[in-house]
Amino acid sequence: MSRSRARLVRRLVHTMGLLLFGVWTIVPLYWIVVTSIKPNLLIYREASLFPSQITGDHFAFVLARTPFLHYIQNSVVVTLVTTSLAMIIGTLAAYAIVRLNFVGRPWVARAVVVTYLVPGSLLFIPMFQVIYSLGLIDNIVGLIVTYLTFTVPFATWMMIGYFRNVPSELEDAALIDGCSRVQALARIMVPIALPALAVVALFAFTLSWNEFLYALVFIGSDSQKTLTLGLIGLVRGDTFPWGPMMAASLMGTLPPALVYLVSQRWVVSGLAAGSVKG
Amino acid sequence: MAVRARGSFVGAKAPPASPTRLNPRRLLGRDWATAWIFLAPCLLVLVGLIAYPFVSAILLSFQAKLVGSPGVWVGLGNYQDLLTGRDLSAQFWQSVRVTVLFTVAADVCKFVFGLAMALLLNEQFRGRTVVRALFFLPWAVPSLIVGLTWKWMYDGSAVGLLNLIALRTGLTHDLIQWLASYDLALWAVVIAVVWASTPFWAMMFLAGLQAIPGELYEAAEIDGADVLGRFRHITLPGLANIIIITAMLSTIWTATSINFVYVLTNGGPAGATMTFPMLAYQVGVAGAQRLGMGATISLVFTPFFIVLIYFLTRRLLASER
């Protein structure tokens, strides 16, 4: 009797907990969506929680009257180039650290971890100087270069962890058969490591897409703005046009949110692997 | 093992007769040439874009330098001005206080929420996959957009969501200035940060919980341990390593994050939310563009992060082996 009561209490606590976290998670997301489709009247004059009327005006405004699509395009370019470069650079470096015999190997491995942990906002001022002296201020190329500072160490670190678990016999056979290191890497290791590469791509994509500080510091003109910076540009003086801003926020959230939903199994295992056991 | 054995085999074959002729393979390792070619792009990033800026930050901190003009060497002048000078030291010490309070409060909340969320999701129930996907969704929302959304919810007029609810339910008759009142602003920012990063903690904890063998719990139950006992003697010790790693990672990221503060309050009101990266940004990039002083502000906090990174690196490399 008391046992089944204990179970009931447990069920109740569990359900209550899920409900609380559900509300906590949904409310801000709901407010983005609902603001983006409410006519201005229902946003400001007669503010309502559950709108009686919906409109596509805010989306139309953002798409037609602001350079939003151009910002998205910049974000896509920056994100794709950064992600691809990070995957290539990280794979090569991780392979060397795990499989090649050279003096200084442990130091390189340590340097990778340390740089992975150095937060970008500690370095944005000297980085400004570096980008300035390269002549890349106000240019998305400058963003691509700086985004490598957080994607490359991360990619290398992830790939080190994965390559460690691939038995070296597989590759030794190919090397004895006369394959070069590059061939062994491309034909044997990379195909095996595709799941890890997918995780790397996923994180590099999300990190680059969401980045804001470097963009804020380096970029000034509309033609070079990425999504996050462009969003702030929608503010006029002190007024926040919340309808268009939430519409743009919703559209800007969709790419990483969809990528996350499609690959969430990998997100969870990848995050844990990246920071716990490589 | 096999690799190492082969390496020494190659070394043994090298002609011992001429000790004066150095064998680079023996000196630098069997695959040194290939290895450094493979590593070159990665090292270029590590050295050129992380180590070099770090060194140049140190040099900058000894100069009075405005954007676009040559710097003037001032020795420890920036440090002195920052710590004891008239115009900045009050702001600086305020930022120390705010950064510590902000980081500790956010970390504690994230720990409690993240652990609770992970424990809830670790149970078997219908629709678990969907619920998990939803709970972790804030992780994928760009932090800038999280900041904007909360700014809109905190709006100080009657149309901000929180004021709307507070007024309708009769909790208050006056509008609450969540972001404009000195006492509330920091906590308002903390809540937005916690909303955005609880999923990361929950993901880490969930992975940790799933690695604890179920037999431990069964054995404890047979021994008569109650829920709290099992939590204290099995769950917490099982998660200890992950808790430490997550807390250190989160401390580094939270203390140095600028997006939330930038959007929500821009450091205000009256410095109530002025964390040190925000101060560095305002002094070094926005406004006066005093690059040297901006770099100094970040550098003064750097030793703390070096210590954290040192211990975290040791832990990460240890669990790697």
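**Entry 1: chain A, domains**

Into which domains is chain A divided? I began with this point in what is a predicted model, and I noted that chain A splits into domain 1, covering 2-55, and domain 2, covering 66-277. I then looked up how these two parts sit relative to one another, and found the C-alpha centres of domain 1 of chain A and domain 2 of chain A to be 34 Å apart. Their contact draws on seven residues from domain 1 of chain A and six residues from domain 2 of chain A. On the domain 1 side, α1 (2-37) and α2 (40-45) of chain A each contribute at least two residues, and the largest share, four residues, is that of α1(A). Sorted by class, this side of domain 1 of chain A holds three nonpolar, three polar and one charged residues.

**Entry 2: chain B, domains**

I turned to chain B with the corresponding question of where its domains run. Chain B is divided into domain 1 (2-67) and domain 2 (78-320), and the centres of these two domains of chain B, taken over C-alpha atoms, are separated by 38 Å. Nine residues of domain 1 of chain B meet nine residues of domain 2 of chain B.

**Entry 3: between the chains**

Which element of chain B gives the most to the side that touches chain A? I first noted the extent of the contact, in which 84 residues of chain B touch 77 residues of chain A. The element that gives the most to the chain B side is α3(B), with 18 residues. The residues of this side of chain B divide into 65 nonpolar, 15 polar and four charged. For the complex, I recorded the predictor's ipTM of 0.90 and pTM of 0.89.

**Entry 4: a helix pair in chain A**

I next looked at α4 (residues 68-99) and α10 (residues 194-210) of chain A, whose axes come within 9 Å and cross at roughly 140°. Because of that angle, α4(A) is oblique to α10(A), and the crossing in which α4(A) passes α10(A) is right-handed. The residues of α4(A) in this contact include A:S75, A:T79, A:T82, A:A86 and A:G90, while those of α10(A) include A:L197, A:A201, A:A204, A:F205 and A:W209. By class, the contact of α4(A) with α10(A) is made up of nine nonpolar and six polar residues, with no charged residue.

**Entry 5: a helix pair in chain B**

The crossing of α9(B) past α11(B) is right-handed. I listed the residues that make the contact: B:V193, B:S197, B:W201, B:M204, B:F205 and B:G208 come from α9(B), and B:G238, B:L239, B:I242, B:T246, B:S250 and B:T254 come from α11(B). They divide into six nonpolar and six polar, with no charged residue.

**Entry 6: backbone in one loop of chain B**

Where in chain B does B:P269 lie? I place B:P269 in the loop between α12 (259-264) and α13 (276-284) of chain B, and a cis peptide bond joins B:G268 to B:P269, with omega about -15°. B:N266 is also found in the loop between α12 and α13 of chain B, and B:N266 has a positive phi of about 55° although it is not a glycine. I marked both points, because most residues other than glycine have a negative phi and most peptide bonds are trans.

**Entry 7: confidence**

Chain A has a mean pLDDT of 89, and 97% of its residues reach 70 or more; within chain A, confidence is highest in α4(A), at 95, and lowest in helix α14 (residues 264-277), at a mean of 64. Chain B averages a pLDDT of 86, with 92% of the residues scoring at least 70. Over residues 1-17 of chain B, pLDDT stays under 50, and there the model has eleven contacts beyond four places in sequence.

Conventions. Residues are numbered from 1 along each chain as its sequence is written. Chains are lettered from A and ligands numbered from 1 in the order in which they are written. This is a predicted model: local features need pLDDT of at least 70, side-chain atom pairs count only at pLDDT 80 or more; totals for chains, interfaces and linings use all residues. Axes are lines fitted to C-alpha atoms, for helices over the stretch in contact, and angles run from 0 to 180 degrees between N-to-C directions. Angles under 35 degrees count as roughly parallel, over 145 as roughly antiparallel, 65 to 115 as roughly perpendicular and the rest as oblique. A crossing is left-handed if the near helix is turned anticlockwise from the far one by less than a right angle, and right-handed if clockwise. Two residues are in contact if their C-beta atoms, placed from the backbone, lie within 7 Å. Ala, Val, Leu, Ile, Met, Phe, Trp, Tyr, Cys and Pro count as nonpolar, Asp, Glu, Lys and Arg as charged, and the others, Gly among them, as polar. pLDDT is the predictor's confidence in each residue, from 0 to 100. Domain bounds come from an automatic or database domain assignment.
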